[in-house]
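Visitor: I should be grateful for a guided reading of this protein model. Please proceed by question and answer.

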Amino acid sequence: MKADPVTGAIPVIVISVIDDRPKALQLGAVEHILKPVSRSDLQLALNTARRVVDTDRHEPVMVVSGNPDRETILLAEDHEISRLLVSDFLTAQGYVIVTAQNGNEALQLLQEVCPALILMDIQMPGMDGLEVIHTVRGLKEPGLAGVPIIALTALSMPGDRERCLAMGADLYLSKPVDFKELAVSIRTLLDRGDLTGARVASEG
Ligand code: MN
């Protein structure tokens, strides 16, 4: 757009879950807003955009959402190697991965990035995965409370699977994770969400 003389003057605001404002500005955006978008952030960005527009000509303002085709997955995993392996694999699969090292961080990031799906390790120090899942399912925002969750656990205790599902996990996978099974499980849950419209559309 910026290279084209016809569209080059149109101010662009980038909206993304990826916190890379310098890159957005370097590419020619007038502003960069981190998702989820707040009313005040959007207002400030639009004000900035308005300032760079020739007001006499009433140029249009276009808002571009970053990575519209790449779904964000929140991975909560305390074990560093597992976190890197799963994260690398899913990034290669085309997802945007946001990682949390513990339950509290997972809950905080959930609010910040509104992921399309959560991969939740159950054995974590402090607030464990079951507790996090229970908390997520109790959230007031339907878009967050209804997010698909896959529980990951190294324990093979009888009843483990049932406990995860009872807490509100959609699926249960035992560790070490079979990557092929993981990829299929994620796709199934994401596609199911698209079909039922369970996800809130405005989350984009
Ligand atoms: Mn763990």
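**A reading of the predicted model**

Guide: Among contacts (heavy atoms within 4.5 Å) between residues at least 6 apart in sequence, 56% join residues at least 24 apart. This is a predicted model, in which local features need pLDDT of at least 70 and side-chain atom pairs count only at pLDDT 80 or more, while totals for chains, interfaces and linings use all residues. Residues are numbered from 1 along each chain as its sequence is written, and side-chain values use heavy atoms, with hydrogens and water left out.

Visitor: Which element of the protein has the highest mean pLDDT?

Guide: pLDDT is the predictor's confidence in each residue, from 0 to 100. Its mean over the protein is 85, and 85% of the residues reach 70 or more. Helices (H or I, at least four residues) and strands (E, at least two) are DSSP runs numbered from the N terminus. Among these elements the lowest mean, 53, belongs to strand E3 (residues 62-65), and the highest, 97, to E6.

Visitor: Over which residues does pLDDT stay under 50?

Guide: Where pLDDT is low, the predicted coordinates should not be read in detail. The stretch in question has 15 contacts beyond four places in sequence in the model, and it covers residues 197-204.

Visitor: Which residues are the protein donors of the manganese ion?

Guide: Donors are N, O and S atoms within 2.8 Å of the metal (3.2 Å for Na, K and Ca); water is not among the atoms, so sites may look incomplete. The donor residues follow the spacing D-x42-D-x1-Q in sequence. The protein donors, lying 2.1 Å from the manganese ion, are Asp-78 (OD), Asp-121 (OD) and Gln-123 (O).

Visitor: Is Asp-121 buried or exposed?

Guide: Asp-121 belongs to strand E6 (residues 117-121), whereas Asp-78 lies 43 residues away in the loop between strand E4 (72-76) and helix H3 (80-92). Buried means under 20% relative accessible area, exposed over 50%, and partly exposed in between (1.4 Å probe, protein chains only). Asp-78 has 31% relative accessibility and therefore counts as partly exposed. At 1%, Asp-121 counts as buried.

Visitor: At which angle do the axes of helix H5 and helix H7 cross?

Guide: Axes are lines fitted to C-alpha atoms, for helices over the stretch in contact, and angles run from 0 to 180 degrees between N-to-C directions. Angles under 35 degrees count as roughly parallel, over 145 as roughly antiparallel, 65 to 115 as roughly perpendicular and the rest as oblique, so H5 and H7 are roughly parallel to each other. Leu-130, Ile-133, His-134 and Arg-137 of H5 make the contact with Arg-163, Cys-164 and Met-167 of H7. The axes of H5 (residues 129-137) and H7 (residues 160-167) come within 8 Å and cross at roughly 25 degrees.

Visitor: How far apart in space are Asp-160 and Tyr-172, C-alpha to C-alpha?

Guide: Asp-160 lies in helix H7 and, at 2% relative accessibility, counts as buried. Asp-160 and Tyr-172 are 12 residues apart in sequence, and their C-alpha to C-alpha separation is 9.0 Å.
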